[in-house]
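Here is a briefing on the structure shown below.

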Amino acid sequence: MTIRIEIDGKTVTSEEGRTLVDVAAEAGVYIPTLCYLPEHPALGTCRVCSVKVNGAVAAACAVEVSDGMRVEVDEPETADTRKALVEMLFSEGNHNCPSCEKAGRCTLQAVGYEVDMVVSRFPYQFPQRVADHAADAIWLERDRCIFCQRCVEFVRDRETGKKIFSISGRGADARIEIDVELANKMSPEQVREAVDICPVGTILEKGAGYDEPIGERRYEVESVKDRALEPSRRHGK
Amino acid sequence: MTSGIATILIGHEPDRTKLIDILWDVQRESGYISAEAAAGIADWLGMSVEDVLETATFYHFFHTTPSGRHRIYLSNTVIAKMHGYREVYEALEGYTGTRFGGPGSADFGLFETACVGLSDHEPAMLIDDVVFTDLTPASVGAIIKGLKRGDSPAQIANPAGLPRDDVAYVDALTRTTVHTAGPVFFCGDTDYSALLHRCLAMTPEDVIATISESGLRGLGGAGFPTGNKWKFCRAATGDEKYIICNADEGEPGTFKDRALLTYSPKQVFVGMAIAAHGVGARQGILYLRAEYAYLRDYLARQLVELREDGVLGDGFDIRIQLGAGAYICGDETALIESCEGKRGTPRLKPPFPVEHGFLGKPTVVNNVETFAAVSRIMQEGAGWFAALGVPGSTGTRLISVAGDCAAPGIYEVEWGVTLRDVLDVVAADNPRAVQISGPSGEMLSVAADADRRLAYDDLSCNGSFMVFNHERDLIDIVGDFMQFFVDESCGICVPCRAGNVLLRQKVGLVAAGRAVRSDLDDMVAWGGIVAQTSRCGLGATSPNPILTTLTKFPDIYSARLRERNGDLLPSFDAEAELTGYAQAVAELAAQESL
């Protein structure tokens, strides 16, 4: 059923029940995301897509549009809330962009620029996190993990469907784990898919660092916002 | 794989939803879940090893390293801290010769745990699945001595050898004081078989209409109209539907569901059977928090008796699912995930459980007290129930009273009662503040709020009622509550996982006398962000201890703020700066000598 919603005062038509992030993007309104992938079910973990829906804050990746919905994206308080969530991630982990090989193609970094983040308002936590090099082709740089759960949900053993990546522990003590036996069965293509699905520099391919020169990296040639608003980029890579 | 683990696995269907049961059996057998056991379980259930550990490491009663022959969990709730917790803590370390948070010994592992639902008898601790209450250093000494002698915790707690499936056993362990009898709860036994058959003779629609007319709202705290929930579930497509009773009573300070399960279990189970008739469900689950494991055999016997009486087993039956330690499982979608053998991570909504619940099937989740009220409503009638209470908040509710009062225990109050009346009834001792609905609720000022009413449009109490007198340090209590949320956040979303840590740190600054005015502004702003953007009710309410005390008791904060120190800004902590420098020099010197 075709419905009408309002985004920042502009009337937008859509099919009922579609995801708000997608509907907004098609209408030319960028809502920042870190965990959301249009081709997959919403994870709703990063909350960076928080907007106001009928006056209440909601994560736009988990909102199905319905007729008459009033959405505020470009509203100062909510925009600052999104920025705060990105800042919270920078203060929670250890994100040293200049030395990270994912710089320039890291979604967290790109979204940080997009929300005009300069420095985190929150005290940096400097957690002690141990890297994991046990798998043959993949290493985990846990300092940078934002627990988006993309790898946990969307990277599975091709033969059995078992989880390759998982989370252990709970709350602030949670950490990402890799099932080494299953990881060592991954094809080189699947390893690269896992590296690519990671929005930060946590899942990395051994022996393949710094392979794109500065100036040619993903978000240096096209901003995360422009990529999100371009239909051909939204579906698939 | 050891033969013990192989035997455990053979005893369970190779079904992922059985994972928590299997993990419990393994831990009871070996004291912990070893890498080898995890691999065996993974193989049996067709999961990756890390996926098994993903579930195991989520719950705080599961251990993946050796945790001693006896695992001792001391409740660290604020109520315990008002009643000699520190002395008991030290006595436990002394008598066992091990440390909390340490590796433990072959015999003992010491762990702190959140409220175990015994705020009427703190300090309290769990040893294996037995509970010990009203602890003192002397009683701790006797208990540890007994364990060292080779007695089991059950032998020590129950020297009379009462059968574990008897109410006398549960009573001996917990000695619950229920101060009221009726109108809705604790009003004597009834002929449940006759009641259920009367309900079964009604159409499901009439049963739901009766519940709707009564005005009953979910008594777990959220207050959703029960009749509507059932109606949505009945209307949902699918012929396989489930009724789940939420007995994960984890809100610190509450213990009324424990009392209902002890003294009125059949009232609860029959309420579930009535709901099953209403929505068209054939299977029910009682999700029992692990802290209440000592109730399991008793409840299982109640189910057997109900089957013998023909109340259960013909068209609808109930099984008990034991949790494993996670406050978040009180959230209905997290509870469903846990029933499926997974981490207790709240789901994204929509879809709601009434359409997409347990195993993706339409499911009604109601609290223990709600189901007990259902039985009573069907017995006495919707009009009778609706005449109790006030408009919008009909009927009564149970409150669990603890803290500074002469008569802690369970009370039934009609909705609409004032805070002042409740404080009088429980003989509160010089009360200054009441934490209503637990840490996720509100800190009330007795001076300002005494005439407010318990009602969904005023104080929507979830059953927790903790009284604090003028001697208590409210900042310490706020710090404790925030630590609780840090410990219990599932970690799935950013604001709750990272934000609560930041808020906890800010309260610590205040408590240490190192906060400045802008820290208070930060707490309000950051608390708002956490509350607004979190994925579930835990994060939506976790800043409440700070936000409500800042409103009600601003003085407790301003009295501890650092003031301007001569020429220095108040935020400049000269002592910390100088110590930091000395510390850095010392650390660098140690590194250079390597």
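In chain B, strand 11 (residues 396-403) and strand 15 (residues 464-469) run parallel, joined by four bridges. B:Ala402 has B:Met466 of strand 15 as its bridge partner. The model is predicted.

- Strand 11 of chain B pairs with strand 12 of chain B in the antiparallel sense, over six bridges.
- Within that pair, B:Ser400 stands opposite B:Ile410 of strand 12.
- Strands 11 and 12 of chain B make a hairpin, with five residues between them.
- B:Ile436 has B:Glu442 of strand 14 as its bridge partner.
- Strands 13 and 14 of chain B also form a hairpin with five residues between them. In its turn, B:Ser437 has a positive phi of about 70°.
- As a general rule, side chains in a regular strand alternate between the two faces of the sheet.

**The four-strand sheet of chain B**

- Another open sheet of chain B has four strands in the order 7-6-5-8, and its pairing is parallel.
- Strand 7 (317-322) and strand 8 (363-367) of chain B are at the edges; each has a single partner strand, so one side of each is without a neighbour in the sheet.
- Neighbouring strands here are turned by 20° against each other on average, direction ignored.
- Strand 5 (residues 242-247) and strand 6 (residues 283-288) of chain B pair in the parallel sense over six bridges.
- B:Tyr242 stands opposite B:Gln283 of strand 6.
- Which helix lies across strands 5, 6, 7 and 8 of chain B? Helix 14 (residues 265-279) of chain B does, and it runs at about 150° to strand 5 of chain B.

**Nonpolar cores**

- The largest nonpolar core holds 242 residues, and A:Phe165 and B:Trp230 touch the most other members.
- Helix 14 of chain B gives this core its largest share, nine residues.
- Leaving out residues up to four places away in sequence, B:Trp230 touches B:Val207, B:Ile208, B:Ile211, B:Ile274, B:Ala275, B:Val279, B:Val364, B:Asn366, B:Phe371 and B:Val374.
- Another core, of 25 residues, lies apart from the largest one. Its members include A:Ile5, A:Val12, A:Val65 and A:Val73.

**Chain A overall**

- Chain A has nine helices and nine strands.
- Its radius of gyration is 18 Å, close to the 18 Å that the globule rule gives for 237 residues, so chain A is as compact as a globular protein of that length.
- The C-alpha trace of chain A spans about 50 × 40 × 40 Å along its principal axes.
- How much of chain A is buried? Of its 237 residues, 56% count as buried.
- Take the contacts in chain A between residues at least 6 apart in sequence: 63% of them join residues at least 24 apart.
- Chain A has an accessible surface of about 10500 Å², and carbon and sulfur atoms account for 48% of that.

**Helix 3 of chain A**

- Helix 3 (residues 107-114) of chain A is mostly covered, with six of its eight residues buried.
- Those buried residues are A:Thr107, A:Leu108, A:Gln109, A:Ala110, A:Val111 and A:Gly112.
- Their cover includes helix 2 (76-92), helix 7 (218-221) and helix 8 (224-229) of chain A.
- Just after helix 3 of chain A, A:Asp116 takes a positive phi of about 65°.

Notes: Residues numbered from 1 in each chain as written. Chains lettered and ligands numbered in written order. Predicted model: local features only at pLDDT ≥ 70, side-chain atom pairs only at ≥ 80, totals over all residues. Heavy atoms only, no water. Buried < 20%, exposed > 50% of the residue type's maximum accessible area, 1.4 Å probe, protein only. Helix = DSSP H or I, 4+ residues; strand = E, 2+ residues; numbered from the N terminus. Contact = heavy atoms within 4.5 Å. Pairing = 2+ DSSP bridges. Rg over C-alpha atoms; globule rule 2.2 N^0.38 Å. Areas by Shrake-Rupley, 256 points an atom, 1.4 Å probe, with all protein chains shown as cover. Axes fitted to C-alpha atoms, helices over the stretch in contact; angles between N-to-C directions. Core = buried A, V, L, I, M, F, W, Y, C linked by side-chain atoms within 4.5 Å.
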